[in-house]
Amino acid sequence: MKRTFAFGGLVATAGLLAAGLAAPAQAAGDVATDTLAGTNEAARQVAAFWYGEAKANLINATPYGVETKIVAKHVSKGGPAPDSKPGIVPAIGDEKKAVSKSKNVNLPKTTGKVFFIGADKKPHWCSATSVQSNYRNLVATAGHCVYDTESNAATMDKWVFIPGYYQQKTPWGIYVGKQAFTHYDYDVYEDGDRDYAFVTVYDGVLPESVNKDRDYEKVWETEAEAKADKDRIEKSPSTVRGRATITPVVTDEVVKEGTPGSEKVYVKRTDWKKLNPTATANGPFKEGTGVTDVTSDTKPADWKAGDSADGKTFYFEANGKYIARTYWINYDVDYKVTGKYFQIGLKSVGRLGDNVGGQGLAYNQKVGKPVFVFGYPSGVHPDGNNAFTGHTLKWTYGKTFAVQAPAIKGEELIGTKSSFTGEGAIGSSWLVNYNNGRRVGYLNGVTIGVSDTDNNNRYDTSFSPYFDGELYGVYNAAKNLWSGKIV
């Protein structure tokens, strides 16, 4: 879906012009926003979830494979077109610096993985990158690495960004997502031309101390109180999730029959008589106690007058009937919550952009520019070749061209030749005018899928939405929002 807006307010510096890009313009657009972790407490819970149990959830996360393998075609006519003048936002630290040159491809510190819980309730990851923003707290990735298209839920759960993620290491900490921004057309219609997202993140955290395997036990009067305590334990940033249990505990307090949170217990006649020392055979009995009689007109084969072997049944004759009497006491029931937990001490490591920098942003650029693509591809090619593990950051390089992918409503996409497999590579950053020496450039795309365009059972093309003024409108809604610390 294409819309046109008016732009204004061009500003440029010598360094930006040297990069061959125009300066930023202002745009408006339809922006959808959702809260990820809206409070400091919620953010601490999310960080503890990923750090907990020796990072088990990070280790067990699998690359996100939803809507990655798409049939796409290279189009020579038509394709995406700018909706106004070209625009850019400079990278962090590059606002007034000229471009330097380097022959090596140095991997950017800005790229990392986003982790989240998907519709299947399991941990997954995508690729993403830090981008320039006023408070140096913004991450860019694919829209379907934020918005759950599988269950049509608003957002993924427990969303975090880990720059420089490498073999289960979090060198610059975990950055918990606070607020997600997507285009309205993607949020509502899942329009592939708008499959991008910007997420504000809290300051990063690293674990400072861990106290493991402490026992927890507490008894509650009601089951509702116990369930609330169990929920608190499993969501607390200082405890291990899923390790608390509730056990009914019968107390020695006798309560009226039918009292909520009580249980009728059949007991020995001698114990029952302690509460009814003067009661006759037919009562009255103390409140909360009673008897149950089973009567027979004929003598049962195993019937024997007197107490049963376990003392809980008394057999006797009355009015020509054979009676088996059991004795019960109605006890109050409490609910015991038990579990194992550990405490995680978190320390703040500061803002994302201060630690790893942030890429610039370029939009309304000409199709045909060369781009570096940085991401964490994983998974196999259609022929079964396992080309990438997803454990380390990879890159490809090529010029962009027009692509269409009708299956995801992608009418105005751009593609580049790439051997990346889709799983894990979704959200990979496409950088134009990448400066090898300073490891920064201008974000001009995010991978939303891969395709085998020549039908040889090998993925050969990655594709992205075309970054236009509508994308800048989404970015503009997110770039000036403060997140703050969580500890």
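Strand 6 (residues 123-131) is largely enclosed by the rest of the structure, because nine of its nine residues are buried. Buried here means under 20% relative accessible area, with exposed over 50% and partly exposed in between (1.4 Å probe, protein chains only). Strands (E, at least two residues) and helices (H or I, at least four) are DSSP runs, numbered from the N terminus.

A quick note on the model: it is predicted, so local features need pLDDT of at least 70 and side-chain atom pairs count only at pLDDT 80 or more, while totals for chains, interfaces and linings use all residues. Residues are numbered from 1 along each chain as its sequence is written, and side-chain values use heavy atoms, leaving out hydrogens and water.

Pro 123, Trp 125, Ser 127, Thr 129 and Val 131 point one way from strand 6, and His 124, Cys 126, Ala 128 and Ser 130 point the other way. Here are its pairings; two strands pair if DSSP finds at least two bridges between them.

| Partner of strand 6 | Sense | Bridges |
|---|---|---|
| Strand 2 (residues 62-63) | parallel | two bridges |
| Strand 5 (residues 111-117) | antiparallel | seven bridges |
| Strand 7 (residues 138-141) | antiparallel | three bridges |

Strands 5 and 6 make a hairpin with five residues between them, and Lys 121 in that turn has a positive phi of about 65°.

Now the core: the largest nonpolar one has 47 residues, and Trp 50, Phe 115 and Val 160 are among those with the most contacts inside it. Such a core is a set of buried Ala, Val, Leu, Ile, Met, Phe, Trp, Tyr and Cys residues joined through side-chain atoms within 4.5 Å. Helix 2 (residues 40-60) gives the largest share of this core, eight residues.
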